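Visitor: Hi! Could you walk me through this protein? I'm new to reading structures.

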Amino acid sequence: MENALAIWDDHDALFGNWANAAQRAGEVGMDAWVARFRKWLRAQAIVVPTIAQLRADAERIRARELERALARLGELTEREREVVRSLSARLVNKLLHAPLAALGAEPDTPALAETARLLFGLAPHVAAEAPAATAPAAEPPAAPHPAVRA
């Protein structure tokens with residue numbers, strides 16, 4: 001924790017400036033953590049759209065099949081219709097749980113995300129230009145963090 005605080009001691013020069021923060025992190029022996037964070041950040045550019053598309057496709061299929069099933073079942077009470085709706089949502093969530101958990105936990109997440117796209121018939125990921133391994137991630141807009149005093 002002391003190393004992390006050392007990075008932000010000079011918050012006027014570092015806050016909102018990822019290049020300076022990364023350099024300072026290296027100075028206090030946090031290079032490995034910075035590299036790990038950058039790798040994770042790049043992976044999110046592939047994983048998050050994969051998860052979103054997988055969930056959206058599953059929901060679209062669920063809704064379509066639910067309507068077909070309800071139409072075929074004929075006269076149902078509202079409670080019975082809700083039981084069928086709930087069943088369809090629970091099935092989708094249970095079927096997606098393991099693949100989505102694996103996407104979030106796998107160290108080689110981009111490769112797994114591409115495999116998931118192939119297995120689930122999702123469109124291939126179109127990569128945006130990835131930041132160079134040594135370049136810091138894009139800088140967010142500079143705004144004071146609630147914990148940083150003005």
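Guide: Happy to! Let's begin with a term: a residue is buried under 20% relative accessible area, exposed over 50%, and partly exposed in between. Keep in mind that this is a predicted model.

Visitor: Okay, so is Trp40 buried, exposed or partly exposed?

Guide: Trp40 has 46% relative accessibility, so it counts as partly exposed. You'll find Trp40 in helix H4, which covers residues 31-73.

Visitor: Stepping back, how many helices and strands does the protein have?

Guide: There are six helices and zero strands. Along the sequence that reads α-α-α-α-α-α.

Visitor: And what share of the residues is buried?

Guide: Of the 150 residues, 21% count as buried.

Visitor: Which residues make up the largest nonpolar core?

Guide: It has ten residues, including Ile46, Leu54, Ala58, Val92 and Leu100. The elements that give two or more residues to this core are H4 and helix H5, residues 78-105. As a general point, nonpolar side chains in soluble globular proteins tend to be buried together.

Visitor: What does Val92 touch, beyond its neighbours within four places in sequence?

Guide: Val92 is in contact with Ala58 and Arg62.

Visitor: What about Ser88, buried or exposed?

Guide: Ser88 is buried, because its relative accessible area of 14% is under the 20% cut-off. This serine is in helix H5. Not counting residues up to four places away in sequence, Ser88 touches Arg62 and Leu66.

Key. Residues are numbered from 1 along each chain as its sequence is written. This is a predicted model: local features need pLDDT of at least 70, side-chain atom pairs count only at pLDDT 80 or more; totals for chains, interfaces and linings use all residues. Side-chain values use heavy atoms; hydrogens and water are left out. Helices (H or I, at least four residues) and strands (E, at least two) are DSSP runs, numbered from the N terminus. Buried means under 20% relative accessible area, exposed over 50%, partly exposed in between (1.4 Å probe, protein chains only). A nonpolar core is a set of buried Ala, Val, Leu, Ile, Met, Phe, Trp, Tyr and Cys residues joined through side-chain atoms within 4.5 Å. Contact means heavy atoms within 4.5 Å.
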